[in-house]
Structures are given as C-alpha cells and as structure tokens.
Amino acid sequence: MVSKVKKNISKLKASATLAINEKSEELIKKGKKIYKFGFGQSPFHIPDKVVETLKKYAHKKEYLPIQGLPDLREKISKYLLKKTGVNYSKDNILITPGSKEAMLLMHVVFNGEILTPAPSWVSYEPQAQIGLNKVHWMETSQENNWFPTAKELENKLKIIGKKKNLILILNSPNNPSGAICNNLKDLAKVAKKYKLLVLSDEIYTDLSFDGNYKSISKFYPEFTFISGGLSKWCGAGGWRLGFLAVPNGSKEFMNSLKSLASESYSTVNTPTQFAAVEAYNGDYENYKLKVRAILNAVGTYVYSNLKSNKVLVNPPQGAFYLMPEFKNKKFKSSSQLCNVILNETGVAMLPGSDFGFSPKRMLTRLSYTDFDGIEFFKSVSNYKSISEEMVKRYAPNVVEGTTKLSNWAKNL
Ligand SMILES: Cc1ncc(COP(=O)(O)O)c(C=O)c1O
C-alpha cells in the first residue's frame with residue numbers, strides 16, 4: 001500500500017535536542033545527577049517592563065494584520081537600522097511565531113538549493129527537507145573559527161555550478177560552536193559575485209560578547225534576509241516571537257511568505273506583539289551588558305577548565321555554546337561518545353553529527369546554561385567584574401559538570 005505520509009516528511013526524525021532531554025529525564029528518574037549541557041535555553045528573566053507590557057495588553061483579543069502589528073514592524077525596522085546600518089522598511093518585515101517559523105516559511109517558498117557551513121543549527125537541514133530543497137554542506141575548521149573562508153565558499157560554488165538558485169545560511173554567533181564570523185565582508189563579496197541569497201540567522205547576534213552586532217547585511221544589503229526575535233537576548237523563547245526582514249528587491253518573496261503565513265498561523269498572538277514593541281523600543285542595553293557578561297564569565301570558566309591536550313576547544317565568543325573536540329579513537333561516533341559521557345559522568349551534550357559533521361569527528365555541543373540566571377543576574381552590581389567565585393556560587397552545576405567532564409577526559 002502507498003504510505004499515507006509524504007516521503008520527505010517521514011524521513012524527518014525527532015529533534016536531537018529533545019532526544020537527549022528524554023534520555024536525561026530517564027536517568028534523573030533513576031536518581032542520577034544530570035548536568036544539562038545539552039539544551040540551549042536562556043536562563044535569564046524577561047526584562048520586567050516587557051512582562052508588564054504583556055500583562056497590560058492581555059485583554060487584547062482581536063487578530064492583528066497577517067504581517068504583524070505595524071508599530072512592532074516599525075520598531076524592528078529602526079532596531080535593524082541601528083544595529084546593521086541597513087534600512088529594512090516596516091513593509092519588508094514579517095512577524096512570525098519564533099524565527100524558526102520564519103526560516104521554515106522561507107524554505108517552503110524558495111525554489112532552489114541550500115548552502116550551509118558544518119557546523120550549523122540542527123533545524124536547517126530538516127526544514128530544507130520539508131521545503132524539498134537540497135542541502136550542500138561546507139566543512140569548516142577550528143583554525144578558521146568554524147566558518148568557511150571566502151575561498152572555500154567560492155570553491156564549493158564552482159562545484160555546485162552557476163545555474164542554480166542558492167541560499168547561503170549563516171548564523172553568527174553560531175549554534176553549536178559559539179563562534180563569531182569575522183570574515184563577513186569577504187563572504188559577502190563571493191555571495192555578490194554568485195548572486196546568492198543570504199539568510200542571516202541573527203537570533204544570537206545581540207549576545208556577541210565583544211558587544212559588536214555584526215551582520216552580513218551591511219556588506220550585501222541587496223540580497224540578505226535577516227531572521228531574529230526575542231528568544232535568546234530577551235530570554236523569551238516560550239513567547240514565540242520572531243521576525244523575518246526581507247531585502248528590498250524581494251517583494252515577490254514577501255507576498256508568498258504572507259500568503260503562507262495567512263494559511264498556516266494567521267498572525268502571531270496579539271499581546272505578545274504589543275510586548276515586543278516595548279522590547280525593541282525600550283533601552284535594554286544594561287540588561288544585555290549584564291547577560292553577556294555573565295554568559296561570558298561562565299563560558300570562560302568552562303573553556304579554561306576543559307581545554308587540555310585531550311580536549312580542543314575555542315574560547316567563548318557569543319550565544320551560550322562551546323564545541324569541544326575530544327582527542328580519542330576509541331568511539332565509533334560522536335553520538336556514542338555523548339552516550340558514554342552521559343552514562344559515566346551525568347553530563348548531557350549533543351553530538352557533532354547533529355550539526356552536519358561526520359559522525360567520526362569527536363565533536364560535541366556543550367551549552368553552559370544549566371544555572372539560575374535570575375539569581376546570578378540579581379547578584380551582579382558591576383558587569384565588568386564577575387569573578388570566578390561568583391561563577392562557582394551561582395553556576396554550581398556548570399562548575400561541577402565541567403569538573404566531571406574534564407576528569408573523565410583525562411583518562412582518554
Ligand atoms: C541558531 C538558531 N536559530 C534559530 C533558533 C530558533 O529560535 P526561535 O524560533 O525561538 O526564534 C534557534 C533556537 O534554538 C537557534 O539556535
């Protein structure tokens with residue numbers, strides 16, 4: 001009998017992040033102490049005034065326009081202008097239930113193929129599969145900070161050939177490596193030469209520890225799409241508020257995105273859109289400074305205590321991830337490595353194979369958010385001086401898990 005599930009959908013498997021969570025919960029039920037380094041969620045509170053605004057508008061029940069609240073689109077437009085120097089007008093912004101949905105809509109609308117570096121976020125490939133778009137991976141290296149060089153990009157494009165429509169997906173700071181792309185200008189030159197569309201996933205860009213908001217749109221405004229939202233910098237993942245900014249010459253794209261939005265989620269929930277106006281319009285620089293300083297201090301602690309001749313890892317640069325590589329030939333795959341580490345130390349991480357690497361590379365993604373961000377945040381009066389003592393006091397699970405992991409790695 002013919003399957004009732006479409007082939008491209010039946011191939012999808014449950015998200016790796018969820019699988020590691022389930023395994024961790026199982027072990028917790030058996031009484032084992034688990035260090036949750038597998039799940040990437042902001043540990044911080046949403047700024048009070050943003051929450052107050054949500055409460056104030058909770059009674060608003062009418063549907064908003066498909067494209068989103070005009071005032072919110074206006075504020076995001078201004079925000080992007082300030083951060084990137086590029087003018088995405090409010091008519092070029094679509095409000096979506098999380099930036100994940102923004103990217104999914106793009107995959108469904110787009111007629112062509114996808115190009116993305118390994119490592120890249122777990123959802124790009126499955127989303128491309130849903131949109132029936134082929135994916136081309138570009139392996140990167142630790143020496144090049146886990147991003148492709150312009151030459152590597154051009155070489156890949158020569159192999160793919162010139163005749164195809166292509167979207168290059170870039171994510172900086174990056175999930176899973178935590179690295180920031182420092183060669184955006186060079187990559188933009190190649191993108192321009194080959195007329196690529198670029199999808200710049202900027203969900204973590206406000207969490208760049210050097211405080212610079214770097215976007216490839218600055219060098220390639222004509223064909224850069226930007227996705228972003230409140231999930232990471234504002235600690236509001238569960239609110240599901242994202243956006244897609246579409247470049248000026250892509251009206252056809254925007255019309256189709258809007259049609260798809262109207263036939264699927266209709267419009268994002270009304271109170272959250274009003275609260276997001278406050279988030280994008282208010283001054284939250286101090287909040288961001290503190291959040292970044294805490295993440296940087298915790299990430300630096302993990303990095304300093306983990307790196308060794310057995311564990312290669314780059315210093316933290318942004319978001320809340322590190323991507324250690326374990327020097328070992330004992331394990332068949334990074335997924336086996338993660339399972340053994342979870343069973344022997346209680347540290348839960350995700351395997352590099354979930355992010356586009358060959359399973360043979362002993363890479364893992366380590367998320368250092370297993371701490372009470374609200375308490376840590378309250379304790380910081382001066383974001384410039386977060387001591388190791390504070391990390392030990394307010395992020396004890398991260399400290400203990402790091403010790404377990406680094407001791408485990410000594411015996412490799
Ligand atoms: C790289 C990356 N992009 C996009 C998202 C999606 O975020 P949201 O849909 O919550 O906006 C995530 C969430 O984990 C992510 O890590």
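**Helix pairs, domains and ligand shell**

Modeller: This is a predicted model. In it, the axes of helix 5 (residues 99-109) and helix 9 (residues 251-264) come within 10 Å and cross at roughly 115°.
Colleague: Why is helix 5 called roughly perpendicular to helix 9?
Modeller: Angles of 65 to 115 degrees count as roughly perpendicular. The crossing is at roughly 115°, so helix 5 is roughly perpendicular to helix 9. The handedness of this crossing is right-handed.
Colleague: Which residues of helix 5 and helix 9 meet?
Modeller: Helix 5 brings Leu105, Val108 and Val109, and helix 9 brings Phe253, Ser256, Leu257, Leu260 and Ala261. By class, that contact has 7 nonpolar residues, 1 polar and no charged ones.

Colleague: What residues make the contact of helix 11 with helix 15?
Modeller: Val298, Tyr301, Val302, Asn305 and Leu306 of helix 11 meet Val398, Val399, Thr402, Leu405 and Ser406 of helix 15. The contact has 7 nonpolar, 3 polar and no charged residues.

Colleague: And what makes helix 7 roughly parallel to helix 8?
Modeller: Helix 7 (residues 150-160) packs on helix 8 (residues 184-193) at an angle of about 20°, with the axes 9 Å apart. The limit for roughly parallel is under 35 degrees, so helix 7 is roughly parallel to helix 8. Helix 7 and helix 8 have a right-handed crossing. Ala150, Leu153 and Glu154 of helix 7 make the contact with Asp186, Leu187, Lys189 and Val190 of helix 8. Here the division is 4 nonpolar, no polar and 3 charged residues.

Colleague: Into which domains is the protein chain divided?
Modeller: Domain 1 covers 7-45 + 285-410, and domain 2 covers 60-281. Their contact takes 32 residues from domain 1 and 28 residues from domain 2. On the side of domain 1 that touches domain 2, helix 11 gives the largest share, 5 residues. That side has 13 nonpolar, 14 polar and 5 charged residues.

Colleague: Which peptide bonds did you mark as cis?
Modeller: One runs from alanine 118 to proline 119, with omega near 15°. Proline 119 sits in the loop between strand 3 (113-118) and helix 6 (124-130). Another runs from serine 172 to proline 173, where omega is near -10°. Proline 173 belongs to the loop between strand 5 (166-171) and helix 8.
Colleague: What is the phi of lysine 195?
Modeller: Near 50°, a positive value in a residue other than glycine. Lysine 195 lies in the loop between helix 8 and strand 6 (197-201).

Colleague: How many residues surround the ligand?
Modeller: There are 13, and the closest are Gly98, Ser99, Lys100, Trp121 and Ser231. A residue is included if its C-beta atom, placed from the backbone, lies within 6 Å. The shell divides into 2 nonpolar, 9 polar and 2 charged residues.

Notes: Residues are numbered from 1 along each chain as its sequence is written. This is a predicted model: local features need pLDDT of at least 70, side-chain atom pairs count only at pLDDT 80 or more; totals for chains, interfaces and linings use all residues. Ala, Val, Leu, Ile, Met, Phe, Trp, Tyr, Cys and Pro count as nonpolar, Asp, Glu, Lys and Arg as charged, and the others, Gly among them, as polar. Axes are lines fitted to C-alpha atoms, for helices over the stretch in contact, and angles run from 0 to 180 degrees between N-to-C directions. Helices (H or I, at least four residues) and strands (E, at least two) are DSSP runs, numbered from the N terminus. Angles under 35 degrees count as roughly parallel, over 145 as roughly antiparallel, 65 to 115 as roughly perpendicular and the rest as oblique. A crossing is left-handed if the near helix is turned anticlockwise from the far one by less than a right angle, and right-handed if clockwise. Two residues are in contact if their C-beta atoms, placed from the backbone, lie within 7 Å. Domain bounds come from an automatic or database domain assignment.
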